[in-house]
Amino acid sequence: MKKTTQIHIGGRHFTIDEDAYQKLNHYVESLKMHFSKDGETGKEINEDIEQRIAELLENKISNGKQAITLDDVNETIKVLGKIEDFEYAGTTDEAHADAGYSFRRENRRFYRDPDNYYAGGVCGGLGSYFDMDPLWIRLAFVFLFFAKGLGLLIYLILWIVVPKARTTAEKLQMKGRPVNLSTIKDSVSEEYQRFRTSDGAAAARTGFENVVRALGLVIIAIFKFVIGVIGVAFLVTGAVFLAVIIMGVLGFTNVFGHVQLWDGFYLTEIHTYFANPTHLYLAIIALILVVLIPVIALIYGGVKILFDVKSRHPVLRVFLLTTWILAFVLFLTLLFVNIPNSPVEAEGTDSSVIESKNYPHLVVDMRDNILNKHITQYRVLGYRFRYSKWDEALYDNVKLNIEASDDDQYYVSIRKKIKNVDLYNSDEYMDEVYYRWEQEDSVLLLDRYFYTDDDEFWMFAKVEVTLKVPEGRGIVIKPAVCDILVPQQRQTYCDDVPAGKKWMMSPEGALLQSN
Amino acid sequence: MDFENAKAQMRKGVLEFCILSILSKNDAYATDILNALKKSELIVVEGTLYPLLSRQKNAGLLSYRWEESPQGPPRKYYALTDKGRDVLKELESSWKDLIEAVDSIIHRN
C-alpha cells in the first residue's frame with residue numbers, strides 16, 4: 001500500500017504517489033526558482049513547461065494504472081531535463097553574462113565560515129573574502145596574539161560582530177559565487193561529499209594540515225584558559241572586595257580609614273561634610289549601593305563565565321544599572337549640596353568662679369555619672385559612642401586640663417566643641433551638650449562624662465574642662481581624676497608620683513608638689 | 001578555450017533557426033516542435049526549448065494563440081510573425097553561405 005495525493009498541474013488532475021509527488025514538486029520548484037529572475041517571462045516559461053509535464057504524465061496513465069509513480073516522474077524529468085542540462089536556459093543570455101553571472105568582490109560578503117573553523121570561523125571567512133588560504137590569516141592572528149594579545153582582541157570583536165554564514169546562499173556570498181540554482185546545488189553536494197568522507201578525511205590529511213589543526217587546538221585551549229582566568233579574576237576580585245567591605249562595616253579592619261574619595265578627603269571623615277544627618281544617611285546608603293552593585297556584578301559575571309551559565313535577566317540588569325546610576329548621582333548631589341554649606345564647628349566656653357576663701361586648698365574629685373546605667377558601646381566610622389538606653393543619651397569622656405589662674409580665684413571653664421552644625425543655630429546645639437559639675441564645700445566634683453541626646457551624635461561633641469588655680473593656692477588631685485586628665489598632665493600628676501598628693505601653684509604657673 | 005561554450009552557442013543558433021523553420025511550414029504547439037526536433041536529434045532535453053520559444057516570442061519573431069485540443073486543456077499554438085519570416089529568410093541565406101564557406105575550408109586540402 002502506498003499513500004497517494006491529488007495534484008493539479010498544467011490544467012490536469014493526477015493521482016500521484018507521495019514519493020513521486022515529493023520528487024516532482026522539488027523539480028517544479030527548482031525550475032520556478034531558476035526562471036523567477038526573468039519575471040513575467042519566467043512565469044510563462046514555467047507554465048509552458050508545467051503543461052508539458054502534464055502531457056508527459058498523462059501518457060503514463062493507462063486503464064490498469066491510475067496513479068503516477070516515482071519511476072514515471074523520473075522518466076518525465078529525464079525527458080525534460082534538469083536545469084543544469086538546459087543548454088541555454090537563460091532567456092537573455094548576453095545580459096546575464098554581464099550582470100548575473102559576474103560576481104565580483106562587491107558581491108562578496110564577510111561571513112564567519114562554519115565549515116572551516118578552529119574557534120569562530122573568522123579566519124576561514126576572511127580567507128574566503130580575500131580569496132586566500134585561511135592558513136596565512138590564522139598564522140597572522142597567532143602572530144598578532146603575541147603583540148600584547150591584540151590578535152585575540154581583534155578576533156573576539158570579529159567573532160561577535162561578524163555573522164555566521166548559515167544558509168547555502170550566505171555561504172555562496174561569502175565565497176563570492178553567484179547565488180543560483182546550480183551553484184546552490186554544487187555547494188550542497190560538496191557539503192554532502194564532505195559529510196560522507198569526513199571519516200576518511202582525517203586519515204587523508206597531510207602532516208602539515210595535522211600541524212595546523214594541532215596549532216588550532218592549542219589556540220582554542222589558550223583561549224579557553226584565558227576566559228577561565230578572566231572568570232576567576234572577576235570572582236576573586238568581587239569576593240575580596242565584598243569581604244573587605246563587610247569586615248570594614250563590621251569594624252574588624254580600619255580599611256575605610258585609608259580610602260580617600262579624593263585627595264585629603266578620607267571616607268571616614270565623610271560625616272564632617274554633612275550638616276544634615278538625613279543627608280548623611282542617604283549619602284552612606286547611596287555610597288554602599290555604588291560600591292556593592294559592581295562588586296556583586298563582578299562575582300555574578302565570574303560565576304557566569306566559569307560555569308557557562310546562560311541565564312539572562314535583562315530586567316534585573318537594567319534595574320541594577322539604573323539603581324547604580326541613581327545612587328551615584330544621589331551621592332554626588334548630596335556631597336556637592338552639602339560641601340558649600342560646609343557645616344561649621346562651634347565652640348563655646350563657660351567659666352565659673354569656685355568659692356574657696358574658707359578652704360586652704362581645693363580637692364578635685366570625679367564622679368562616674370554612668371555608673372549604674374546600662375551602657376552599650378558603638379563604633380561608627382571610627383567613632384566610639386557610649387549609649388545609655390535608659391535615658392536615651394550618648395556619653396563621652398571629658399578631658400581635664402589644669403592651668404594657672406589669671407587672678408586669685410579658682411575657675412572651672414567648660415569648653416564645648418561641636419561639629420556639623422549650621423552657623424545660625426550653633427548656640428542652640430551647644431545647649432544640647434550637657435556637662436555637670438558641682439562644689440561640695442572644699443570638694444570640686446567633676447562628672448566623668450558629658451552627654452547628648454542620642455539623635456545628636458552627628459555633632460560629634462567634645463567637652464574640655466579647664467581648672468584654673470590661682471598663684472600660691474593648692475589642689476589635691478584624687479586618683480579617680482587621673483582618668484580624665486590630659487595625657488601629659490596625667491603623666492606628671494598621677495603616674496610619676498603616688499596619687500592623692502597636694503600641689504601648689506608656683507609664680508611661674510606650674511604646679512609643684514607640697515606636703 | 002571553452003569548447004563547450006562554443007558548441008553550445010553554435011547549437012543554440014541552429015536550434016533557433018530550426019524552430020523558425022518548423023513553424024514556417026505549419027503553426028505548431030510546443031510538443032509538435034519538440035517531436036520534430038527530437039526526430040532529427042537536435043535537442044537533448046525538452047526543457048531547452050521553452051526558454052528559446054519565450055525569447056523568440058519576446059523578440060517579436062513568434063506569436064501564439066490558444067486552441068482547443070481534442071483531449072485535455074487548451075494548447076498554445078505558435079505562429080511566425082512577419083518579422084519572424086524576414087529573420088528566417090535572412091538566416092536561411094546566411095546558413096547556406098556558412099555551409100559553403102565551412103565546406104570550402106574543410107574540403108580544400
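Visitor: In what order do the elements of chain B run from the N terminus on?

Guide: This is a predicted model, and in it the secondary structure of chain B comes to four helices and three strands. Read from the N terminus on, the elements of chain B follow the order α-β-α-α-β-β-α.

Visitor: What is the order of the strands in the open sheet of chain B?

Guide: Strands of a sheet pair through backbone hydrogen bonds, either parallel or antiparallel. In chain B the edge strands are β1 (28-29) and β2 (62-67), each of which pairs on one side only, and β2(B) pairs with β3(B) in the antiparallel sense over six bridges. The open sheet has three strands with antiparallel pairing, and their order is β1-β3-β2.

Visitor: Which residue in β3(B) is the bridge partner of Trp66(B)?

Guide: Strand β2 of chain B covers residues 62-67, and this strand and β3(B) are joined by six bridges in the antiparallel sense. For Trp66(B), the bridge partner in β3(B) is Lys76(B).

Visitor: At about what angle to β3(B) does α2(A) run?

Guide: Helix α2 of chain A lies across β1, β2 and β3 of chain B, the strands that form the open sheet with the order β1-β3-β2.

Visitor: Which element gives the largest share of the lining of the largest cavity?

Guide: The model has three cavities of 30 Å³ or more, and the largest cavity has a volume of about 110 Å³. The lining of this cavity includes Asp48(A) and Arg52(A) from chain A, as well as Tyr29(B) and Lys76(B) from chain B. Two or more residues of the lining come from each of α2 (40-60) of chain A, α2 (30-39) of chain B and β3 (75-80) of chain B. The largest share, four residues, is given by α2(A).

Visitor: How many residues in the lining of the second largest cavity are nonpolar?

Guide: The second largest cavity has a volume of about 60 Å³, and among the residues that line it are Leu135(A), Val142(A) and Ile219(A). The elements that give two or more residues to this lining are α6 (134-145) and α10 (207-250) of chain A. Divided by class, the lining has one charged residue, one polar residue and, as the number asked for, seven nonpolar residues.

Visitor: Why does Thr76(A) count as buried?

Guide: Thr76(A) has its place in helix α3 (residues 70-80) of chain A. Leaving aside neighbours within four places in sequence, Thr76(A) is in contact with Ile53(A), Leu56(A), Leu57(A) and Lys60(A). A residue is called buried when its relative accessible area is under 20%, and Thr76(A) counts as buried because its value is 3%.

Visitor: Which residue takes a positive phi in the hairpin of β18(A) and β19(A)?

Guide: Strand β18 (residues 502-505) and strand β19 (residues 511-514) of chain A pair in the antiparallel sense over four bridges, and the bridge partner of Trp503(A) in β19(A) is Gln513(A). The hairpin has five residues between the strands, and the residue with a positive phi, near 85°, is Gly509(A).

Visitor: What percentage of the contacts in chain B with a separation of 6 or more is between residues 24 or more positions apart?

Guide: Chain B has 109 residues, of which 39% count as buried. Among the contacts in chain B with a separation of 6 or more, the share that belongs to residues 24 or more positions apart is 49%.

Note on methods
Residues numbered from 1 in each chain as written. Chains lettered and ligands numbered in written order. Predicted model: local features only at pLDDT ≥ 70, side-chain atom pairs only at ≥ 80, totals over all residues. Heavy atoms only, no water. 1 Å grid on protein atoms, 1.4 Å probe; cavity = no way out; pocket = protein on both sides within 12 Å on 5 of 7 lines; lining within 4 Å. Points joined across faces, edges and corners; volume = space filled by probe spheres on them. Nonpolar A, V, L, I, M, F, W, Y, C, P; charged D, E, K, R; others polar. Pairing = 2+ DSSP bridges. Contact = heavy atoms within 4.5 Å. Axes fitted to C-alpha atoms, helices over the stretch in contact; angles between N-to-C directions. Buried < 20%, exposed > 50% of the residue type's maximum accessible area, 1.4 Å probe, protein only.
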